Amino acid sequence: MKITLSAPAKINLTLGITGLREDGYHLLESIMQALSLADTVTVEDIPCGIILSCNKSHIPTDERNLCHKAARKYFEAAGVQGGVKIHLIKCIPDGAGMGGGSSDAAAVLKAMRALYPAEVDLLKIASSIGADVPFFLQGGTMLCSGVGEILEPITLPQKAALRCVVTKPEKGLSTPEIYKLYDRSGVPFSKPLSAEIRVKLEQGDTDALFSVLNNDLELPAISVLPEIAARKEMLLSMGADCAMMTGSGSAVFGLFREEANARACHGKLNERSLESYFCTLL
């Protein structure tokens, strides 16, 4: 049997570092939002082994790929014998902070459960693969905390009326490097969203959403790649109502109240041959 799934990208509408565990992992609170931009993941059962292929030659297709890791961990947790052939069609840029690899891995886990049904805890497996993988098992809009494994649905009625344009500098960034720079900065940890703000967000207050946009990793990332700040200013100058880096970078997104403004911005970026994507919020 062959299963084909869409693996959506994400942006972080907020990303606050709220503490540090004894083992060195960062505690965070982030509103993650799935986008219409997506990879396509096809998984087919075979007698044995894990075979991975991709339409992009620079993407590793061995044990380094999270999809390979997801398939292996599922087989181990399920205690079943078998194999899978996985093919990735990549559309989400890598090194962008948009969760492409994590989303692909989550899609593989979903397909594995359909191909090899077993009583396993997918969330536990996802958490062992990467911090963003649990979110992609759910998708939509989630308030993620802990190290990414605590998920709480959050309602943002205003998202249906917003459009998103993402632009990515040619260079990607290393997540561990950006976190190290953050640690060296000595800035105080962020506070969780207040109950008052939560109420405003869930009532559909767009101004409240724009006011809480924050990414604690943005300044460290800009210190490595100043083009992030330039792309942010570019989006704002082209009509974005707000703009911010997503994840650990290097992609920057702008949110638009007016679809016409978003499409015009996307067109201008394309005219300059700058990598960009027009998206809706899922």
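Predicted model: local features only at pLDDT ≥ 70, side-chain atom pairs only at ≥ 80, totals over all residues.
**Exercise 1.** Work out how helix α2 (residues 100-115) and helix α3 (residues 122-129) lie relative to each other.

*Solution.* Start with the axes: those of α2 and α3 come within 11 Å and cross at roughly 150°. Axes here are lines fitted to C-alpha atoms, for helices over the stretch in contact, with angles from 0 to 180 degrees between N-to-C directions. Helices (H or I, at least four residues) and strands (E, at least two) are DSSP runs, numbered from the N terminus.

Residues are numbered from 1 along each chain as its sequence is written, and side-chain values use heavy atoms, leaving out hydrogens and water.

Next, list the contacts (heavy atoms within 4.5 Å): Ala105, Leu109 and Arg113 of α2 meet Leu122, Ile125, Ala126 and Ile129 of α3. Finally, sort these residues: six are nonpolar, none polar and one charged.

**Exercise 2.** Find which strands stand at the edges of the open sheet, and explain what that leaves.

*Solution.* First write down the order, β10-β11-β8-β12, with antiparallel pairing; two strands pair if DSSP finds at least two bridges between them. Now read off the ends: β10 (242-245) and β12 (276-280) each have a single partner strand, so one side of each lacks a neighbour in the sheet. From one strand to the next, the twist averages 20°.

Conventions
Nonpolar A, V, L, I, M, F, W, Y, C, P; charged D, E, K, R; others polar.
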